[in-house]
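Thanks for coming. I will take you through one protein chain, starting with the terms and then going from the whole to single residues.

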Amino acid sequence: MFMDLTALLIIAFLFIFYSLFSAKFEKSLISGPMFFAAMGLLMFLAPSQGYAEIDEEFIHVFAEITLILVLFSDAANIPEKQLKKYVSLPFRLLLIGMPLSIILGVLLGAQLFPELPILEVAVFVAVLTPTDAALGHAIVTSNLLPQKIKQTLSVESGLNDGIALPFVLLFASMAAIGGSEHEVNWIEFIIKQLSIAPLVAIIIGRLSAKSINLAQKKQWIEEGFTGIISLATALAAFALSELLGGNGFIAAFVAGYVFGNSLDSNFRFLREFSETEGTLLTMGIFFIFGYYSVPEALHNFNWKWLVYAVLSLTVIRMLPVYLAVLGKGFKLPTALFFGWFGPRGLASILFLLLVLKDREFTHVEDIIGVVVTTVALSIVLHGISANPLTKIYGKKYADKEENME
C-alpha cells in the first residue's frame, strides 16, 4: 500500500470531521486548505511514525489528476453570457498582469538571492505565477460580490496555470544542470502549447456534450453515467492535447467551458463535483503538502524565503494587477481586492513536482524553500482574510463597481 492503514484511518476521520462542520468552517477564518495543511503538519509531528511514506510518483499523479478535474469542472460552471460580458478583465490580468509579475518577480528575486543563477530565480518565479481559486473559495461563491469580480478571478485562476506552464518548463530546462537552451525550439514549443490545446478542447468538449444531448434525447443513457462522461472528457482533452504537443491544463479548462455551455439541460453533476469530489481531491493535496513539504521547509528555514514569499503575495502580484486594470474605471479598493486575491496553491505545488522530476539544480533547496514558504503563507493569509475582506468589500464598494466595465 502507498500508506499505512493507521494513517489512512486518521485521514478518513479528518475528512469526516471537516465535512460534518463544513458550513461552520466556510464562515470562519479557518479555510479547508488551512485545516488540512495544518493536520498534515500535525500528523508529521506526532510521536508515532509507524506509517510509510507516500510514494512520490503517486503524489505527482494524484496532484496532476486533481488539477485536471478541478479546472474542467470549474470552467464548466462558467456561463457563456457572463464570460462574454466580462471577458476583458481576466484577459488583462493574463496578458498584462501575468508577464509583469514574472518580470518583477525575477528582478526582486535576483536582488534577494544574488548567489542564485538568474534562470533558477526565474524557475521559482514562474512556478509561483499561477493563482488558485480554491484558496479564495469564499470569494467566488459569495453573494456579496458582483458577478464580474467572481468570474474574473475564477477565469484567471483557470487559465493562468496552463499559460504559465510553458515558461516553467522553459526556465527549468535552461536552468537545470546539463540543460541547454539549444536543445528545443522554445518559440515553436510555446506556440504549440498555447494553440493546440484550445483546438483540441473545443472539438472534444463539444463532441462530448453533443453526444450526451443526443443520448438523453434518445433515452440511451442513465443519469449517473453523465458524470462519468464528464470526467472522461476532462482526461481525454488533457491527454490528446499533450500527445499533440499542446498544453493539457489549458485543454482541460477550455474543454470544461465548451462542454458545460454545450449541454441542452442543466448538468447538476458538474456543480456537485466541484462541491464534493473536487473538494476532496484538492484538500487531499493540501494535506500531503502539510505532511511532506512544510516540515522540510521549516527544518531548513531561510529568512530570505519568507521575505520573497511576502513580496510574491503583495508587491509582485498587486502592482502588476493594478497596472493591468488601470484605465478600466476601477477605484483603488477594487484594484487592491483583485491584487490581493491571487493565492498560490495547487498549481504551484504541481509545477514544483514537475520541475524537480529528472532535473538537478545548483540551489534546489532555495527553489523548494521559496515555493513551499510562499504557498504555506498564502494558505494562512488568504484563508484568514477571504471571509472578512469579502464582507467588507461587498458592503462598502461592490455596488459602486457593479456597472463598471
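A residue is called buried when its relative accessible area is under 20%, exposed when the figure is over 50%, and partly exposed in between, with a 1.4 Å probe and protein chains only. Accessible areas themselves come from the Shrake-Rupley method with a 1.4 Å probe, and for residues only the protein chains shown count as cover.

Now the source. This is a predicted model, in which local features need pLDDT of at least 70 and side-chain atom pairs count only at pLDDT 80 or more, while totals for chains, interfaces and linings use all residues. Residues are numbered from 1 along each chain as its sequence is written, and side-chain values use heavy atoms, with hydrogens and water left out.

First, the whole protein. The secondary structure consists of 20 helices and zero strands. Both are DSSP runs numbered from the N terminus: helices are H or I with at least four residues, and strands are E with at least two. There are 405 residues in the protein, and 53% of them are buried. The accessible surface is about 18,500 Å², and carbon and sulfur atoms hold 66% of that. A contact means heavy atoms within 4.5 Å. Among contacts with a separation of 6 or more, 84% join residues 24 or more positions apart.

Next, the interior. A nonpolar core here is a set of buried Ala, Val, Leu, Ile, Met, Phe, Trp, Tyr and Cys residues joined through side-chain atoms within 4.5 Å. The largest such core has 101 residues, and the members that touch the most others are Val123, Phe124 and Tyr308. Beyond its neighbours within four places in sequence, Phe124 contacts Phe113, Leu116, Tyr308, Ile367, Val370 and Val371. Apart from that core lies another one of 21 residues, including Leu145, Phe330, Leu377 and Tyr393.

On to a helix pair. The axes of helix H4 (residues 56-76) and helix H14 (residues 277-299) come within 9 Å and cross at roughly 145°. Axes are lines fitted to C-alpha atoms, for helices over the stretch in contact, and angles run from 0 to 180 degrees between N-to-C directions. The H4 and H14 crossing is left-handed, meaning that the near helix is turned anticlockwise from the far one by less than a right angle. On the H4 side, the contact includes Ile59, Phe62 and Leu69, and on the H14 side it includes Leu281, Ile285 and Tyr292. Sorted by class, this contact has nine nonpolar, four polar and no charged residues. For that count, Ala, Val, Leu, Ile, Met, Phe, Trp, Tyr, Cys and Pro are nonpolar, Asp, Glu, Lys and Arg are charged, and the others, Gly among them, are polar.

How many of the eleven residues of helix H18 (residues 346-356) are buried? Nine are, so the helix is mostly covered. Among the buried ones are Leu346, Ser348, Phe351 and Val355. The buried residues of H18 pack against H4, helix H7 (118-127), helix H9 (147-175), helix H12 (248-260), H14 and helix H19 (364-396). Just after H18, Asp358 takes a positive phi of about 65°.

Gly345 sits in the loop between helix H17 (332-340) and H18. Its relative accessibility is 1%, so Gly345 counts as buried. Outside the four places on either side in sequence, Gly345 contacts Asp132, Leu135, Phe286 and Val375. Gly345 and Thr374 are 29 residues apart along the chain, with 8.9 Å between their C-alpha atoms.

Ser154 is in helix H9. Ser154 counts as buried because its relative accessibility is 15%. Not counting residues up to four places away in sequence, Ser154 touches Ile78, Val140 and Phe253.

Last, some residues with more surface showing. Most residues other than glycine have a negative phi.

Tyr322 belongs to helix H16 (residues 315-325). Tyr322 has 34% relative accessibility and therefore counts as partly exposed. Leaving out neighbours within four places in sequence, Tyr322 contacts Leu332 and Ala335.

Ser265 lies in the loop between H12 and helix H13 (268-275), and Ser265 is partly exposed at 38% relative accessible area. From Ser265 to Asn213, 52 residues away in sequence, the C-alpha to C-alpha distance is 8.0 Å.
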